[in-house]
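Let's take a look at how charged side chains pair up in a protein. Have the sequence and the 3D view handy as you read.

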Amino acid sequence: MGIPDAEDQGPTDGLPDLPPEWGRIVVPDDLSALADEVTLVRRELRAEASRRRWQRRLGGTGSRVVGLPLMILLVIAVTATTALLSGAWPRPPRGGDRPTVVPYPTATGLAGHSLPALDLVDSDQDPVSIRGLLPAVIVLVDGCVCAAQVADAARAVPEGVTVVTVTGGTAPVPAPTPTLDDAHPIRPQTIRALADPAGGLRAFLHLPARPDSTTVLLVHRSGTVQRVHPEVRAVDDYRAELASLAR
């Protein structure tokens, strides 16, 4: 097979010589000695086949590499498009541009909230802490004096529960006084008439005053609002809830 003889005088089988740059070639008796070389060649062939597949997918022909430039152009195009879209997309205002508005709970959603520590004024314009009168039925009478309704509430509340009437302005509405023939007299100190010049209670409720009706808050001794009745025309609207205020 073109292998020189022992005297290096050329081939002995009439076949042409192998290229001299290949050097001396030794064929081992045991082919398993070539296992490492076979593995290396197979690995190189698989890598070459994979490279050619990717070249074809990216627009190459297998002999001409154009995949990498195409990939670079694609990345540049995506980056430029993203920058343009981010500049044109509307952005939310920054924190310092305008304050975040936190919605207040509605009147029907105030149950379980704490009554604010408001200071109202009595007929002598002395400050009175509304939380110091708890437990209480707070009746807002700025839409309707409703003296009969307030008197009925004072008769219906359990012992230890205060009926607090609140009006806007600086002058409290005088509390109703029982008549001599009253079959169910009002206990002393059951009613406290106060005024809310700053309107803090209405602001807490977010409810306007309505004519011919009152707004009633039932507040537990812990300061927790038990229930809000936006429009009340008779004590029967909340009579069944009064017993729980004294617990």
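Which side chain meets Asp142 in a salt bridge? The partner is Arg202, with 2.7 Å from N to O. A salt bridge here means a side-chain nitrogen of Lys or Arg within 4 Å of a carboxyl oxygen of Asp or Glu, and the structure holds seven of them. Keep in mind that this is a predicted model, where local features need pLDDT of at least 70, side-chain atom pairs count only at pLDDT 80 or more, and totals for chains, interfaces and linings use all residues. Residues are numbered from 1 along each chain as its sequence is written, and side-chain values use heavy atoms, leaving out hydrogens and water.

- Asp142 sits in the loop between strand E3 (136-140) and helix H3 (147-156), while Arg202 is in helix H4 (residues 200-205), so the pair ties together parts 60 residues apart in sequence.
- Helices (H or I, at least four residues) and strands (E, at least two) are DSSP runs, numbered from the N terminus.
- Arg202 is buried at 15% relative accessibility, but Asp142 is partly exposed at 32%.
- Buried means under 20% relative accessible area, exposed means over 50%, and partly exposed is in between (1.4 Å probe, protein chains only).

**Within helix H3**
- Asp152 and Arg155 form a salt bridge, with their closest N and O atoms 3.2 Å apart.
- These two are three residues apart in helix H3, so about one helical turn separates them.

**Another pair and a network**
- Asp236 and Arg239 also meet in a salt bridge, at 2.8 Å from N to O.
- Asp236 is exposed at 55%, and Arg239 is partly exposed at 42%.
- Arg210, Glu231 and Arg233 are joined in a salt-bridge network.
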